[in-house]
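Here are a few exercises to work through with the model open beside you. Try each one yourself before reading the solution.

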Amino acid sequence: MSLGEIKELAGVGRPTVSNWRRRFSREVLSAGNDSRRPFPDPIPGAGSESKPLFHAVEIAEWLDLRAIPDAAADKDGRLPTYGDRFRHALRLRGLITLRHQLGSAETLISRALAVIAMSAESQAWITEYLPADLLAEYEAAGPAVMRAAHELMNEIGAPGWAADALLGLDDDLEIARRLESDLVMDITPREIVKLVTALIGPNEGGPGQRSTINLCAGLGELLLGMGGGPYEDLRGHGELIAVEPDPLRRKLLRYRLLSYEASAVDVCASPSELDTERAWNQAPVDPHSFSRADLVLAAPPYVPGERERDPEGPLWWAEEAVRRLEPGGRAYVVVPTWTLTRTRGTGPVAVPTPTVKARESLLERGCVVAIVQLPRRIHPFRTGAEYALLVLRQPAAPDPVLLVDADRIAQRPGGQAWVDQVAQVVRLTDAAPAAESLPGAATHPQDAALVPVRAVSADQEQLLDSRSVLPAHRLAAPEPDVDHFEETLTARRAAAAAMPQLRDWLGGMGITKRHTPIRHRRLDEHVRAGQLKLISGHRIKDEHIGDTGLPIVGRAELLGELPIGARCIALKDLSEYSSAKITERGDVLLLAEHGLRCQVDMAGGCVLLAPVQGLRITAYRDHLRTVTDGAADSPDALWMRPYSLAGLLGAPRNQHRGSGSLVRRVSVRDMDLPQLPASEVYELEALLAETERLRADVRRQLGALDSLADRIASGVADGGLALRQR
């Protein structure tokens with residue numbers, strides 16, 4: 001190979017290789033009495049003087065002496081070298097060449113796995129016990145594929161690990177990516193495998209040995225992950241069986257199991273085969289069925305499309321897992337989070353979808369032990385999808401369900417250990433299923449909480465209330481370790497120091513501690529009761545947006561990037577949008593993306609541009625008409641007022657209710673409001689309205705100062721303005 005190829009395979013620049021060759025030549029090292037190994041000499045008679053060729057083995061051995069700077073050591077404390085990188089890239093190049101020769105990555109992977117599986121069997125073949133087509137694929141592999149597979153095994157150290165590397169199941173997915181195989185698109189993420197393994201815990205041999213069914217097993221990530229790696233650790237896990245409907249993955253799963261010397265694991269094509277009597281594990285015993293197990297696992301490869309109305313949608317696997325459980329067993333099923341957010345809808349004729357029916361059935365029958373919302377972007381390829389893990393049991397009396405927001409735990413400092421924290425909380429709660437609070441788990445209330453399936457009292461929250469059961473939408477708690485009274489006094493003192501002219505107003509605030517608990521109600525309850533009206537934003541074509549007409553309020557306006565009124569729509573163009581609503585005075589405008597931004601529209605007459613939404617206090621228009629007619633504004637006249645609504649919605653307890661992998665959106669209907677007396681809302685409105693007026697004054701002052709500074713600097717820069725000393 002040439003110097004350019006060495007540069008490419010070693011992952012360095014061309015000058016680096018030239019410097020290595022010059023600084024470590026035999027002549028330079030001999031002149032300095034340097035005992036280090038010289039750079040390999042070119043192959044005599046190969047190449048030319050301007051483009052010499054070198055032997056790949058000699059280059060790899062020389063690069064083994066040079067560690068990669070700032071690289072992390074492996075688990076054995078060994079630092080990776082340029083030789084490791086060189087061999088890895090060289091092997092990749094050979095595999096990619098073979099892929100083009102064979103025509104597809106799947107053909108190459110299948111034949112290479114056949115070679116690895118037969119090597120793991122030490123060629124002690126019993127033909128009738130081998131999977132169908134294994135011998136045929138092994139013989140069709142050819143010398144080149146056999147050589148590549150054996151080189152891969154020799155470098156990695158074990159057939160099972162070589163199979164994992166080829167399938168993209170090891171820590172480095174580069175092989176599968178470079179081969180452009182679609183198999184890696186649907187693998188179960190390693191973090192999910194670690195979490196399920198931690199929840200299952202040790203499964204030692206003996207009387208307590210548990211059997212396992214892996215529904216929709218894929219390439220066996222969850223099944224083999226239970227042992228923490230080598231198959232030898234799985235020998236105490238009792239009977240094991242896998243179900244995989246896809247023919248290609250089923251074949252590759254059999255080959256992978258053979259590479260781990262796990263030929264005793266049976267692989268079925270559908271769950272219905274579990275109910276058919278047969279001689280399992282090819283053992284000389286009477287035929288029997290394997291319809292139930294102590295552990296049932298499922299992580300189906302969900303596609304982006306939402307099969308909400310499909311009878312065999314994602315939650316079908318959860319129901320199937322429950323049906324396959326032995327008494328006292330546990331099932332761990334990965335589902336997309338949209339299955340937890342769909343609702344029954346509103347109105348007397350609302351018909352729940354099969355997904356909602358399945359979820360409510362699992363809750364009503366007491367099958368759900370825990371719902372764990374997994375961290376966003378946990379899947380390396382399906383980054384736009386969110387997933388949750390359901391911990392299930394056989395039907396029983398409904399106990400409170402544990403809701404865990406692992407995404408929130410993982411986002412905190414030190415959140416890399418979220419798997420251990422989540423596993424600890426779930427295990428402790430599973431050991432005390434009838435508890436009403438988390439038993440001894442050091443977690444924040446926003447991270448995990450027990451929520452009853454059916455409420456005992458009217459003030460208690462329940463899961464069967466036709467709302468989302470996603471932990472991010474349900475979990476809310478006061479700010480941790482915050483004394484609101486002391487913090488407010490500190491903020492008031494700081495404001496008085498910064499604005500001495502406001503000391504009288506600040507000192508007159510009636511602030512005191514609250515000694516009685518306060519009840520919260522979901523925003524959805526107020527909307528369904530008619531106290532609030534939710535106004536959706538609209539999508540308006542760019543050609544209809546101009547500079548005259550009714551003001552448009554969109555994302556840019558609420559973020560402060562554009563002033564309100566910079567974008568408008570003419571009344572003639574607005575007539576094309578029959579469902580468009582115009583805001584009224586007192587409407588609260590919301591942008592619920594990447595946090596929550598609220599703004600009160602005290603003028604009205606605006607058109608909302610999606611994703612901005614609006615909330616209207618239905619009694620506020622009549623209240624304004626009454627006040628305009630000369631009636632006094634009584635403190636008890638309204639249950640809620642605009643500035644109070646905006647301030648209470650924007651509190652941190654509602655800001656945390658976000659979900660979504662790419663764009664974090666706050667669930668508006670799942671926000672809550674404290675149930676305050678009308679007189680207290682009146683006082684809160686007066687304080688917030690005055691602070692908003694003061695902020696507007698300050699913004700005008702800042703705008704005037706900015707404008708003055710810009711004009712002076714611009715005039716001096718253009719030479720049209722001269723400054724003189726006063």
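**Exercise 1. Work out which element Leu-363 belongs to, and whether Leu-363 is buried or exposed.**

Keep in mind that this is a predicted model. Start with the element: Leu-363 is part of helix H16, which covers residues 354–364. Next comes accessibility. The relative accessible area of Leu-363 is 3%, and the cut-off for buried is under 20%, so Leu-363 counts as buried. Now look at what surrounds it. Leaving out residues up to four places away in sequence, Leu-363 touches Val-368, Pro-398, Val-401, Val-453, Leu-463, Leu-464 and Val-469. Take Val-401 from that list: Leu-363 and Val-401 are 38 residues apart in sequence, with their C-alpha atoms 8.6 Å apart in space.

**Exercise 2. Find the strand order of the open sheet and say which strands stand at the edges.**

Read the order across the sheet: S3-S2-S1-S4-S5-S7-S6-S8-S9, nine strands with mixed pairing. The ends of that list give you the edges. Strand S3 (266–268) and strand S9 (448–451) each have a single partner strand, so one side of each has no neighbour in the sheet. From one strand to the next, the twist averages 15°. Back at S3, have a look at helix H13 (residues 247–259): H13 lies across strand S2 (240–243) and S3, and runs at about 175° to S3.

**Exercise 3. Describe how strand S7 pairs with S6 and S5, and how well S7 is covered.**

Take S6 first. Strand S6 (residues 368–373) and strand S7 (residues 387–392) run antiparallel and are joined by five bridges. One to pick out is Ile-371, whose bridge partner in S7 is Leu-390. Now S5: strand S5 (residues 325–336) also pairs with S7 in the antiparallel sense, over six bridges. Here Ala-331 has Leu-392 of S7 as its bridge partner.

For the cover, recall that side chains in a regular strand alternate between the two faces of the sheet. Tyr-387, Leu-389 and Val-391 sit on one side of S7, Ala-388, Leu-390 and Leu-392 on the other, and all are buried. That makes six of six residues buried in S7.

**Exercise 4. Characterise the packing of helix H8 against helix H9.**

Get the geometry first. The axes of H8 (residues 142–156) and H9 (residues 159–167) come within 8 Å and cross at roughly 115°. H8 is therefore roughly perpendicular to H9, and the crossing is right-handed. Then list the contact: Leu-152, Met-153 and Ile-156 from H8, with Pro-159, Trp-161, Ala-162, Ala-165 and Leu-166 from H9. Sorted by type, the contact has eight nonpolar residues, no polar and no charged ones.

Terms used:
Residues numbered from 1 in each chain as written. Predicted model: local features only at pLDDT ≥ 70, side-chain atom pairs only at ≥ 80, totals over all residues. Heavy atoms only, no water. Axes fitted to C-alpha atoms, helices over the stretch in contact; angles between N-to-C directions. Helix = DSSP H or I, 4+ residues; strand = E, 2+ residues; numbered from the N terminus. Parallel < 35°, antiparallel > 145°, perpendicular 65-115°, else oblique. Left-handed = near helix turned anticlockwise from the far one by under 90°. Contact = heavy atoms within 4.5 Å. Nonpolar A, V, L, I, M, F, W, Y, C, P; charged D, E, K, R; others polar. Pairing = 2+ DSSP bridges. Buried < 20%, exposed > 50% of the residue type's maximum accessible area, 1.4 Å probe, protein only.
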